[in-house]
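Visitor: I would like to understand the words used for this model. Could you take me through them?

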Amino acid sequence: MEFKTTDLCDDHADSLQICDMEFRSFGNKTSFSGKIETVNVFEDNVLVVEALENVPEGSVIVVDGCGSKGCALLGDRLAGIAESRKLAGIIINGYVRDSAELAKMNVGILALGTYPLKSKKAGTGERNSVLHFGGVDWKPGEYVYADEDGVITSKQSLL
């Protein structure tokens, strides 16, 4: 379903949270929305892979990588999992790699930038917890809407 975050803000401003971070778009989809699934990690993407393989179709995985530039938390292989499982998107407070390949994938991918080094594989972190970054409380089960104008969240579906 098509939407514009600007229109959603006009109609629902009092019930939204608006992310104040400036993400770069890496996937082929620049507009996406869905139920939030969360992953909290630091330079380790094992739980990101677990989420990609297990969340429901149409979900948006929100990853808090603490903004660390020590490694990329997502590359072409993991984005391929998201695309094949028909996830709506991935929002990362961190970095990605394989950007040329990500641009061809039919999934929304927002991140801070690119970094060529892969992550650690220790399996540390947490899933399904409330995350706090960009002035937003990212809560599993709530809804996120992202497009060229920004990223907003809502307790209920707006579409």
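Guide: Gladly; we will go through the terms one at a time. This is a predicted model, where local features need pLDDT of at least 70, side-chain atom pairs count only at pLDDT 80 or more, and totals for chains, interfaces and linings use all residues. Residues are numbered from 1 along each chain as its sequence is written, and side-chain values use heavy atoms, with hydrogens and water left out.

Visitor: Which residues does the "binding site" annotation cover?
Guide: The unreviewed UniProt entry lists Gly75, Asp76, Arg77, Leu78 and Arg97; such annotations may be inferred rather than shown by experiment. They are spread over 23 residues of sequence, yet they cluster in space, with a largest C-alpha distance of 10.4 Å.

Visitor: Why is aspartate 76 called partly exposed?
Guide: Its relative accessibility is 30%. Buried means under 20% relative accessible area and exposed over 50%, with partly exposed in between (1.4 Å probe, protein chains only). Aspartate 76 therefore counts as partly exposed.

Visitor: And what makes arginine 77 count as exposed?
Guide: Arginine 77 has 58% relative accessibility, so it counts as exposed. Arginine 77 has its place in helix α3, and aspartate 76 is in that helix, residues 76–84. Helices are DSSP runs (H or I, at least four residues), numbered from the N terminus.

Visitor: What is aspartate 76 in contact with, leaving aside its neighbours within four places in sequence?
Guide: Arg97, Asp98, Glu101, Leu102 and Met105 are its partners, where contact means heavy atoms within 4.5 Å.

Visitor: Which residues of helix α2 are buried?
Guide: In α2 (residues 46–54) they are Leu47, Val48, Val49, Ala51 and Leu52. Their cover includes α3.

Terms used
Helices (H or I, at least four residues) and strands (E, at least two) are DSSP runs, numbered from the N terminus.
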